[in-house]
Amino acid sequence: MSANDPRLAATASSARGAVDMTHGAGGRAMAELIRDVFQRHLANEFLAQGNDAALLGTVSGRLVMATDAHVISPLFFPGGDIGALAVHGTINDVAMIGARPLWLSASFILEEGFPLAELERIVVSMALAARDAGVPVVTGDTKVVEKGKGDGVFISTTGVGVLADGTDVSGGNARPGDAILVSGTIGDHGVAILSKREHLGFETEIASDSQPLHDLAAAMLAAIPGIRVLRDPTRGGLSAALNEIAQQSNVGMVIREAAVPVKPEVAAACELLGLDPLNVANEGKLIAICAAQDAQTLLAAIRAHPKGQDAAIIGQIVADQQALVRMETRLGGMRLIDWIAGEQLPRIC
């Protein structure tokens, strides 16, 4: 029985209060859930095919694919929720190789007892995020686990994009002398999640920076086609992303503490909580590395975009066989920026 079968119109899963095991059993309740929640809000020509796989169009260029799982807690937070985050995170992973995202898939793991109203709220948010980005969710899957075997809802998304011939953006491309840029303030997402989770009140509400970056990345590549590296500093924050790139390219880095943009309220929250903003997750910022002579042109292009108005040049690539990332402090000293030990902020994305 297809989820589009008109015989299902008499009842709707949204009339029930919570997810139950029948919603994952493959019968009428599951078909209703797919029709009344997922197909209704995520509607597009690919989902309308009604098949287990989406038949996609042909593309010109090299295909790119990325996948991501989202287990964030809480599910709803200032500036976003797990639905929009699942869209933004995977779009950004595709965009960080210089590709144009085309399609998304989404897989939901639902816990028995999860309120259907909250599920619909998440799917609506996902649908709006996908439509705003111009990247539709073309196929998906839903499973239900027994109460106590999950934590409300987990979402896994996969993105497919296309990379134009001649574009070469990779974490292994950084060279000594290159400039390091960041597209905006760091630490916003992690502090927003922590403040909501721990019920912390600040004078100014700190909102997540969750947003898709493919349009910003495209504008940057249009200005400087020879950008060497793009990377979104999510889990582990700026420090982890810089260390990843240093290892991939076998180079060192020196960043300037005074040049790294951090909102005053985020800096104050991190100081209060004993966190380093460099280690706090972001979901709507990117790192760019380019030749030194292109840095000012690239900076101007980023700042001209609505998502990059707080962009800054924060340091440079240096030759270093140990691939160390160091920071010149405001006091004039130098300290090592290493990978964080353990998990400062679990369930952050």
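A salt bridge is a side-chain nitrogen of Lys or Arg within 4 Å of a carboxyl oxygen of Asp or Glu. By that criterion, Lys-143 and Asp-141 form a salt bridge, with 2.5 Å between the closest N and O atoms. The model is predicted: local features need pLDDT of at least 70, side-chain atom pairs count only at pLDDT 80 or more, and totals for chains, interfaces and linings use all residues. Residues are numbered from 1 along each chain as its sequence is written, and side-chain values use heavy atoms, with hydrogens and water left out.

**Overall fold**

- The protein has eight helices and 13 strands, where helices (H or I, at least four residues) and strands (E, at least two) are DSSP runs numbered from the N terminus.
- The radius of gyration is 22 Å, close to the 20 Å that the globule rule gives for 349 residues, so the protein is as compact as a globular protein of that length. This radius is taken over C-alpha atoms, and the globule rule is 2.2 Å times the number of residues to the power 0.38.
- Along the principal axes, the C-alpha atoms fill a box of roughly 70 × 50 × 35 Å.
- Of the contacts with a separation of 6 or more, 84% are between residues 24 or more positions apart; contact means heavy atoms within 4.5 Å.

**Surface and charge**

- Of the 349 residues, 53% count as buried. Buried means under 20% relative accessible area, exposed over 50%, and partly exposed in between (1.4 Å probe, protein chains only).
- The accessible surface is about 15300 Å², and 51% of this belongs to carbon and sulfur atoms. Areas come from the Shrake-Rupley method with a 1.4 Å probe, and for residues only the protein chains shown count as cover.
- There are 27 positive and 39 negative side chains, and the centres of the two sets lie 2 Å apart. Lys and Arg count as positive and Asp and Glu as negative, while His and the chain ends are not counted. The place of a charge is taken as NZ of Lys, CZ of Arg, CG of Asp or CD of Glu.

**Salt bridges**

- The whole structure holds 13 salt bridges.
- Lys-285 and Asp-188 meet in a salt bridge at 3.5 Å, N to O. Lys-285 lies in the loop between α7 (264–273) and β10 (287–290) and Asp-188 in helix α4 (residues 188–197), so the pair ties together parts that are 97 residues apart in sequence. Lys-285 is buried at 8% relative accessibility, and Asp-188 is buried at 2%.
- Asp-215 and Lys-307 form a salt bridge at 3.2 Å, N to O. Asp-215 lies in helix α5 (residues 214–223) and Lys-307 in the loop between α8 (295–303) and β11 (312–318), so this pair ties together parts that are 92 residues apart in sequence. Asp-215 is partly exposed at 31%, whereas Lys-307 is buried at 19%.

**Individual residues**

- Phe-77 sits in strand β2 (residues 76–77) and is buried, with a relative accessible area of 6%. Leaving aside neighbours within four places in sequence, Phe-77 is in contact with Ile-72, Ile-82, His-189, Ile-193, Lys-196 and Ser-208.
- Ala-222 is in helix α5 and is exposed, with a relative accessible area of 65%.
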